[in-house]
Amino acid sequence: MAEEKKEFPGKWILKHLVAAALVVVVLVVGAIIFLNAVTKHGQELIVPDLSNMTVSQADSVAASRDMVVDVTDSVYVKRMQRGAVYRQNPSPGSHVKSGRRISLTINAINAKQITMPNLVGLSMRQAKAEIMSRGLVLGKLIYVQDMATNNVLKQIYHNSEIEPGSMIDSESVIDLVLGLNGYDFVTYVPDVIGLKRMSAVEAVQDNSLNVKSLKFDRTVKDYDDSLNAMVYKQTPEASDSIDVKMGSDVTLYLTLDANRIPVREVK
């Protein structure tokens with residue numbers, strides 16, 4: 001009968017040590033994978049765009065991304081939904097860690113109140129400057145016969161005279177009743193082609209004319225677009241030789257497409 005081979009004791013010990021080491025490695029790797037899965041350790045998250053959402057909606061979206069939101073400030077934007085998110089920090093697309101707090105600035109529920117100034121007796125340009133400095137908006141210029149052209153006779157809010165000191169919402173539109181004498185009643189239509197919306201409107205008003213309407217093409221999708229849109233057409237056309245009566249209407253056509261802006265010949 002053949003003699004059985006005896007296993008060397010050192011070899012047996014080595015095999016068990018290797019096996020134990022493998023078990024330890026597997027346990028450690030498994031623990032790391034588990035912890036990374038649970039805590040997302042080292043993983044960066046992308047901040048979502050919460051603009052125009054309600055605080056409840058923003059909170060829900062942030063929570064789904066392992067983030068939280070805090071309302072830290074408010075502003076008043078008339079054309080925006082009350083209580084909606086106006087601005088956020090960090091900004092959308094930023095890379096942050098799990099649990100990051102996002103600070104929200106929301107549109108105020110109530111409009112900021114403005115004290116109505118006394119514009120009667122001022123010139124149109126002085127009244128316009130005062131209106132803008134108070135956070136109000138110059139509306140229609142209404143001309144009536146008077147000895148002093150462009151002298152403010154009345155200040156109008158919602159088709160009624162408004163007394164100085166009255167409290168009104170910011171960005172409210174104020175119409176002006178202005179004097180117009182029989183010897184100084186004409187102006188000219190300015191050239192506003194290529195100007196952005198606000199600059200074009202101001203130029204028209206500075207020439208004692210009214211903007212009848214703003215017509216935007218399909219490139220203009222929202223309010224922010226409308227502010228950046230440029231005038232590509234106006235009616236009536238600009239003229240420094242044909243006089244028009246003060247208070248006449250001008251219609252402006254606006255676009256974001258620079259290719260629609262006519263190229264002016266250099267004279």
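The model is predicted, so local features need pLDDT of at least 70 and side-chain atom pairs count only at pLDDT 80 or more, while totals for chains, interfaces and linings use all residues. Residues are numbered from 1 along each chain as its sequence is written, and side-chain values use heavy atoms, with hydrogens and water left out.

Is asparagine 110 buried or exposed? Asparagine 110 counts as exposed because its relative accessibility is 61%; buried means under 20% relative accessible area, exposed over 50%, and partly exposed in between (1.4 Å probe, protein chains only). Leaving aside neighbours within four places in sequence, asparagine 110 is in contact with Tyr76 and Arg82, where contact means heavy atoms within 4.5 Å. Tyrosine 76 is 34 residues away along the chain, yet its C-alpha atom and that of asparagine 110 are separated by 7.6 Å.

Now move on to helix α3 (residues 124–133), whose axis comes within 11 Å of the axis of α4, crossing at roughly 150 degrees. Axes are lines fitted to C-alpha atoms, for helices over the stretch in contact, and angles run from 0 to 180 degrees between N-to-C directions. The crossing makes α3 roughly antiparallel to α4, a label for angles over 145 degrees. Where they touch, Met124, Arg125, Lys128 and Met132 of α3 meet Glu202, Gln205 and Asp206 of α4.

Within α3, the buried residues are Met124, Ala127, Lys128 and Ile131. Seen down the axis of α3, they fall within an arc of 100 degrees, so they line one face of the helix; the arc is that of the directions from the helix axis to the C-beta atoms. Their cover includes β7 (137–145), β8 (152–157), β11 (173–180) and α4. On the face turned away from this buried side are the exposed residues Arg125 and Ser133. Just after α3, glycine 135 has a positive phi of about 80 degrees.

Our last stop is an open sheet of three strands in the order β13-β16-β14, with mixed pairing; two strands pair if DSSP finds at least two bridges between them. At its edges lie β13 (210–216) and β14 (230–235), each pairing on one side only. Strands β14 and β16 (residues 249–255) run antiparallel and are joined by five bridges. Helix α4 (residues 197–206) packs on this sheet and touches β13, β14 and β16.

Conventions:
Helices (H or I, at least four residues) and strands (E, at least two) are DSSP runs, numbered from the N terminus. Angles under 35 degrees count as roughly parallel, over 145 as roughly antiparallel, 65 to 115 as roughly perpendicular and the rest as oblique.
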